[in-house]
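Please open the structure in your viewer and keep the selection tool at hand.

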Amino acid sequence: MTREECLTRDRVDPIAAHRGNFTLPPNTIYLDGNSLGAMPKATMARLEEVARRQWSADLITSWNRHGWIDLPLRVGGKIARLIGAEATEVAATDSTSVNLFKVLYAALEMRPTRRKILSERGNFPTDLYTAEGLTKALGNRHRLELVEADKLPAAIDDDTAVVMLTHVNYRSGALHDLKALTAAAHDAGALTIWDLAHSAGAVPLDLTRANADFAVGCGYKYLNGGPGAPAFLYVAGRHQAEFVQPLTGWLGHAAPFAFETSYRPAPGIARALCGTPPILSLAALEVGVDSVLAADAQALRAKSMALGDLFIDAVEGQGGDQLALRLASPRDATHRGSQVSFRHAEGYPIMQALIARGVIGDFRTPDILRFGFAPLYIRHVDVWDAAAALIDVVKSRAWDRPEFKRRAAVT
Ligand SMILES: *Cc1c(COP(=O)(O)O)cnc(C)c1O
């Protein structure tokens, strides 16, 4: 495709207008919406409203008057629409890591005679660390078994309590077959936990049809909830009565304001809550979730796949292969989330040089250049220009400068 053709595509893109709902800095191509989603224009007004009108004027009465207390489940109910769940099955609360701890504990309790937690070797580290820490806290009665993605079905056995996976791999963007793996786990009597961090808001999901058990996911990636936005947690309705989570804080109590001496879990998804919710963050998350709900999910997915294909074609078509840029993502868009990764031995300084030119992606060790395509606000022409910039940076060796090789705390 030529740059002209990209511009034509953008003119006929059915969801192009959504870009106007975001504040994006000038002269920047932002391909990191999979790490921190862009800010919706409506977010600032909402934050002002909550801070100025609600907090400063109405103070503590806002918990009732402005429904602050309902926000975790109200926003959860909206996220439910993006992941094919019932509104009563999702809460927006805590971080993904903390939610994973809660659902993993609950799932292990539901399979008390089984010892194995099965996951993928390349899973996101916080998921593995959380399983490690929980296993230790439970007295090392369980073991975490890690296998390569293609070995997962064969590794599910009658000692497997939980199959815990991330739907879209954070490095490669490879997509698991959520429905088939859930069915395989169930056939062996195991439960599933899906981490939807890189899926929610970019890949249409149907947890109900897949018969999923538990899921967690991120609010600050494709949901555009802002830095450190609350995460979400899904518990299938059929498991909620049995769902016993270990962080038994007062807001998960059946009657928080009865101030009883001992814990009684709330009915339903409310028992997934723990402490006082961060209202400013939840308000921003609600605006972010609304920004995604405003677009047709299938149109988002179609555009996301097209943008990924375009990037691969543009990089390879301009000689990426001769420049030692190796595709690290599935070539087939139906097996890919909303990102494309290339490997290069000098990946870190190449990404820094790209960022210096206003093309923002990120780097994941050891050699992954990662480009996320948030279909709500990325245009075809942005993808074309980013590919051209990548080729130019590698070809000209513009990356080969000391300032691009110094590692920052966040890569
Ligand atoms: C981004 C991400 C997380 C983030 O977890 P936090 O607790 O919100 O920091 C978790 N899991 C996966 C797979 C991620 O990509």
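Which residues are linked with Arg74 in a network of salt bridges? The model on display is predicted, and in it Arg46, Arg74, Lys78, Glu286 and Asp290 form that network.

**First stop: the network**

Select Arg74 and Glu286, whose side chains meet in a salt bridge at 2.8 Å, N to O. Arg74 belongs to helix H4 (residues 71-83) and Glu286 to helix H10 (residues 279-293), so this pair ties together parts that are 212 residues apart in sequence. Glu286 is buried, at 4% relative accessibility, whereas Arg74 is partly exposed, with a relative accessible area of 37%.

**Second stop: two further salt bridges**

The structure holds 31 salt bridges. Select Asp206 and Arg209 to see one of them, at 3.5 Å, N to O. Here Asp206 is partly exposed at 35%, and Arg209 counts as exposed at 58% relative accessibility. Next, select Arg397 and Asp400, which meet in a salt bridge at 3.1 Å, N to O. Arg397 is partly exposed, at 46% relative accessibility, and Asp400 is likewise partly exposed, at 34%.

Select Asp32, in the loop between strand S2 (29-30) and strand S3 (39-40). Asp32 is buried yet has no salt bridge. Its nearest side chain of opposite charge is Arg370, 4.5 Å away, and a salt bridge requires a distance within 4 Å. Leaving aside neighbours within four places in sequence, Asp32 is in contact with Ile360, Gly361, Asp362, Arg370 and Gly372.

Now display the open sheet of four strands, with the order S11-S12-S15-S14 and antiparallel pairing. Strand S11 (326-327) and strand S14 (362-364) stand at the edges with a single partner strand each, so one side of each has no neighbour in the sheet. Select strand S12 (residues 339-343) and strand S15 (residues 368-372), which pair in the antiparallel sense over five bridges. Within this pair, Gln339 stands opposite Gly372 in S15.

**Last stop: helix H12**

Select residues 347-356, which make up helix H12; the helix lies across S14 and S15, running at about 40 degrees to S15. Is H12 largely enclosed or largely open? Eight of its 10 residues are buried, so H12 is largely enclosed by the rest of the structure. Among the buried residues are Tyr348, Ile350, Met351 and Leu354. Their cover includes strand S13 (359-360), S14, S15, helix H13 (380-396) and helix H14 (402-405).

Methods
Residues are numbered from 1 along each chain as its sequence is written. This is a predicted model: local features need pLDDT of at least 70, side-chain atom pairs count only at pLDDT 80 or more; totals for chains, interfaces and linings use all residues. Side-chain values use heavy atoms; hydrogens and water are left out. Helices (H or I, at least four residues) and strands (E, at least two) are DSSP runs, numbered from the N terminus. Buried means under 20% relative accessible area, exposed over 50%, partly exposed in between (1.4 Å probe, protein chains only). Lys and Arg count as positive and Asp and Glu as negative; His and the chain ends are not counted. Contact means heavy atoms within 4.5 Å. Two strands pair if DSSP finds at least two bridges between them. Axes are lines fitted to C-alpha atoms, for helices over the stretch in contact, and angles run from 0 to 180 degrees between N-to-C directions.
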